Amino acid sequence: MDNMQNITIGKIEKISLRELWKKEDKNFTKWLEENIDYLNDVIGFDISIESREENVGPFRVDLYGEDNNGNKVIIENQLEKTDHTHLGQIITYLTNLEAKTAIWISSDPIEEHKKAIDWLNETTPDDISFYLIQLEAIKIGNGPMAAPLFTVIKKPSSKIKQIGAEKKEYAQRHIIRKEFWSQFINEINKTNSMCSNVSPGTENWLPIAIGMSGVSINIVISKKYARSEIYINRGTKEENKKIFDYFFAQKDNIESDFGKDLTWERMEDNVTSRIKNQLDGVDVSNKDDWEKMNWFLIDSAIRMDKAFRKHVSKINRH
């Protein structure tokens, strides 16, 4: 308690970084090289500086070192607002020096560059890390002492890396789907014109018109199955169930024309209904399955058109 009474509470005052370091390269970078523990305490791991102003082609990285696991680290300093030039430089330095961690120190990280660092942490491999650090200078009271204040603005995390992995997986699914639909449409158009006006997309389903708005033959692909279905979505639950019931009343005739039993799903709790023919055990991400999926889906779509089109025409006439 007595010790506490001897402590004077003062007011923190932020001062210009240039009062501590007039020049970024000659003063601040040199100071940080000699006092790297200030930064280590904030980022949570140790960096040992190996060199200052390391050459990377025509550029010179401010500080170059290793972390406590032996991974290369580059540090780029900017005693002003972040800019696009320095963003490009840290990427250039990291790749050309084969570093695993890039640390960008700035007095004023702007929002666009915060987002850029998040994106880099999301999209780069798990062993690559980007840090954005804000640097301020403070003093307490009127004394001559001042101190640097490092604040981590952006850093990698398992959550960010997971988000990046999910985004990459999502993008890859889109690429695979579009590639599958492109070759599927090409194959079905060799024997039938029902997809002549259909373009490949990135969804997991492809609609084929059957003569009535809201009722279509949907071709569906996934990592577990492929199926063709009559999909009923006219807008209201009442109308959808009415159409489904009309088809169901013709079940024997429809399945006879189709050539096999179908799976009838009225889906009582859903607005929509469907009637499907499904092939299990195939994976759209496995190109070895594509030929089998093509054969099944093309055959099924053609037979569905044959089995349902005349009944759709009857509904249209009423």
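The legends below describe close-up views of a predicted model.

**Figure 1. The largest nonpolar core of the model, with 42 residues.** Within this core, F184, I230 and F247 have the most contacts. Two or more residues come from each of the helices α7 (158-188), α8 (237-249), α9 (251-258) and α10 (290-317). The strands β8 (205-212), β9 (215-221), β10 (225-232) and β12 (273-280) also give two or more residues each. The most is given by α10, with eleven residues. A second, separate core has 22 residues, among them L32, I36, I75 and I103. In soluble globular proteins, nonpolar side chains tend to be buried together.

**Figure 2. Surroundings of F247 in the largest nonpolar core.** Neighbours within four places in sequence are left aside in this view. The contacts of F247 then include V215, I230, I232 and I254. W264 and I275 are also in contact with F247. Further contacts of F247 are F308, H311, V312 and I315. I230 is, like F247, among the residues with the most contacts inside the core.

**Figure 3. Packing of α8 against α10.** The axes of these two helices are 11 Å apart, and the packing angle is about 130°. The crossing in which α8 passes α10 is right-handed. On the α8 side, the contact consists of I243, Y246 and F247. These meet F308, H311, V312, K314 and I315 on the α10 side. Sorted by class, the contact has six nonpolar residues, one polar and one charged.

**Figure 4. Packing of α9 against α10.** The two axes come within 8 Å and cross at roughly 145°. This crossing, too, is right-handed. From α9, the contact involves N253, I254, D257 and F258. From α10, the residues involved are S300, R303, M304, K306, A307, F308, K310 and H311.

**Figure 5. Packing of helix α5 (residues 84-96) against helix α6 (residues 111-123).** The axes lie 11 Å apart at an angle of about 20°. Angles under 35 degrees count as roughly parallel, and α5 and α6 are therefore roughly parallel to each other. Their crossing is right-handed. H84, L87, I90 and I91 of α5 make the contact with H113, A116, I117 and L120 of α6. Six of the contact residues are nonpolar and two are polar, with no charged residues.

**Figure 6. H84 in helix α5.** The relative accessibility of H84 is 61%. Exposed means over 50%, so H84 counts as exposed. H84 is also one of the α5 residues in the contact with α6. V152 is 68 residues from H84 along the chain, and their C-alpha atoms are separated by 20 Å.

**Figure 7. G141 in the loop between β6 (129-140) and β7 (147-154).** With a relative accessible area of 30%, G141 is partly exposed. Not counting residues up to four places away in sequence, G141 touches K11 and E13. G141 and E13 are 128 residues apart in sequence, while the C-alpha to C-alpha distance is 7.4 Å.

Definitions and conventions. Residues numbered from 1 in each chain as written. Predicted model: local features only at pLDDT ≥ 70, side-chain atom pairs only at ≥ 80, totals over all residues. Heavy atoms only, no water. Core = buried A, V, L, I, M, F, W, Y, C linked by side-chain atoms within 4.5 Å. Buried < 20%, exposed > 50% of the residue type's maximum accessible area, 1.4 Å probe, protein only. Helix = DSSP H or I, 4+ residues; strand = E, 2+ residues; numbered from the N terminus. Contact = heavy atoms within 4.5 Å. Axes fitted to C-alpha atoms, helices over the stretch in contact; angles between N-to-C directions. Left-handed = near helix turned anticlockwise from the far one by under 90°. Nonpolar A, V, L, I, M, F, W, Y, C, P; charged D, E, K, R; others polar. Parallel < 35°, antiparallel > 145°, perpendicular 65-115°, else oblique.
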